[in-house]
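Here is a short briefing for a first look at this structure. Keep the sequence and the 3D view open while reading.

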Amino acid sequence: MAALFEGASERRGLEFKESFVWEARVSNMSHIQCTVVKSLLAMCNTPKGGILVVGVTDDGASQHDFVGVDTTVKTSFQDTEKVASLLDSFATSPMDYEVGIGTHDSKEYIVFTVSEFRTLPVQCAKDHKHGSTVMLRRHALYTRSSKAKPETIDAGPTELREIITMSEERDEHFI
């Protein structure tokens, strides 16, 4: 766990999110939960996948505060079937991930470990708005940017080539 916090900055395969309670119903998802779902979809389409850590605040200037999660937050993630059900409802093909609790400096964190897709890239299966903002778009192919500032993005031409190469390496072809 300590290696995740080394350097304390997000990378292509590492993303930090603030603490929130996991809501199993789509209609009750918070803005932060929508961004987590989008990021997990993106990590499936990123070489070597990635890790998303919940329990880290960001001051907007790339400074992270490792605060951990409280008991209420931790409990909301313990029903992994509810977590999987909601995540799977947004994925067009199976997502390969694990969710668990990690500890660092006596604080607990929710840790998603995501593998890259197995056979087909993972697209977003449905639209979702939070308020008036479209947070997730049906048919979108999200990935993590390889640019200097890592972020979750819609796959552009460069990223699509990378995803196609990943697929070809598995001897699966799609277009």
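Lys48 is exposed, because its relative accessibility of 77% is over the 50% cut-off. The model is a predicted one.

**Positive phi in two loops**
- Most residues other than glycine have a negative phi.
- Lys48 has a positive phi, near 70 degrees, and is not a glycine.
- Lys48 sits in the loop that runs between helix 2 (31-44) and strand 2 (50-54).
- His139, also a residue other than glycine, has a positive phi near 75 degrees.
- The loop between strand 8 (133-136) and strand 9 (142-144) holds His139.
- His139 has a relative accessible area of 49%, so it counts as partly exposed.

**Cysteines**
- A disulfide is a covalent bond that joins the sulfur atoms of two cysteines.
- The whole structure was searched, and 0 disulfides were found.
- Cys34 is buried, with a relative accessible area of 0%.
- Cys44 is buried as well, at 1% relative accessible area.

**A buried glutamate**
- Glu159 lies in helix 5 (residues 157-169).
- Glu159 has 7% relative accessibility, which is under the 20% cut-off, so Glu159 counts as buried.
- Beyond its neighbours within four places in sequence, Glu159 is in contact with Thr143, Lys147 and Ile153.

Notes. Residues numbered from 1 in each chain as written. Predicted model: local features only at pLDDT ≥ 70, side-chain atom pairs only at ≥ 80, totals over all residues. Heavy atoms only, no water. Helix = DSSP H or I, 4+ residues; strand = E, 2+ residues; numbered from the N terminus. Buried < 20%, exposed > 50% of the residue type's maximum accessible area, 1.4 Å probe, protein only. Disulfide = S-S within 2.5 Å. Contact = heavy atoms within 4.5 Å.
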